[in-house]
Amino acid sequence: MMRKKLLITLLAAMTAAAALPFSASADEWKQDSSGWWYEVDDDDDQDDDDDYVKKSWKLIDGKWYYFHDSGYMATGWVELDDGWYFLNSDGSLLTSGWPPDHCWVDDDGRWDDDRDDRDDRDDDNDDRDDYNDDRDDD
């Protein structure tokens with residue numbers, strides 16, 4: 001009798017599980033000849049052509065990344081409304097450190113002009129475009 005109840009319960013659970021929608025997709029990095037982007041599974045069951053991060057920051061595996069409006073991951077210097085940020089060659093945000101051009105970035109990853117260590121200091125920052133070869137117009 002106990003065995004029969006267990007079998008019926010198990011079959012009912014398997015039937016219920018099979019009736020539920022199942023999605024094997026997950027958020028993941030993608031790359032093409034133009035660069036890297038991060039595809040997200042939004043579970044909306046609609047057109048998946050726009051299921052990627054764009055024009056925003058995203059925390060991925062404990063690191064912050066910025067994605068241009070095109071959806072591609074940024075590297076180098078990026079100017080946003082609240083300041084300049086330096087993104088390493090892997091796209092992760094540099095915090096509390098010196099990028100290659102010796103412009104200190106603070107705990108939030110924002111350029112701190114009070115700790116600028118460059119010999120050829122340029123207060124208007126026009127030289128920053130030299131470090132951002134993949135920048136698009138955000």
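Colleague: What are the ground rules here?
Modeller: The model is predicted, so to speak of local features we need pLDDT of at least 70, side-chain atom pairs count only at pLDDT 80 or more, and totals for chains, interfaces and linings use all residues. Residues are numbered from 1 along each chain as its sequence is written, and side-chain values use heavy atoms, with hydrogens and water left out.

Colleague: How many aromatic pairs does the count come to?
Modeller: The count comes to 10 aromatic pairs. Rings of Phe, Tyr and Trp (its six-membered ring) pair if their centres lie within 6.5 Å; planes under 30 degrees apart are stacked, over 60 edge-to-face, and the rest tilted.

Colleague: Why is the pair of Trp29 and Trp36 edge-to-face?
Modeller: Their ring planes stand at 85°, with the centres 6.3 Å apart, so the pair is classed as edge-to-face.

Colleague: Changing topic, which residues does UniProt list for the repeat "Cell wall-binding"?
Modeller: The unreviewed UniProt entry lists residues 54–73 and 74–93; such annotations may be inferred rather than shown by experiment, and positions are in the numbering used here, with feature names shortened.

Colleague: How far apart are the end C-alpha atoms over residues 54–73?
Modeller: They are 9 Å apart. Over residues 74–93, the end C-alpha atoms are 10 Å apart.

Note on methods
Helix = DSSP H or I, 4+ residues; strand = E, 2+ residues; numbered from the N terminus.
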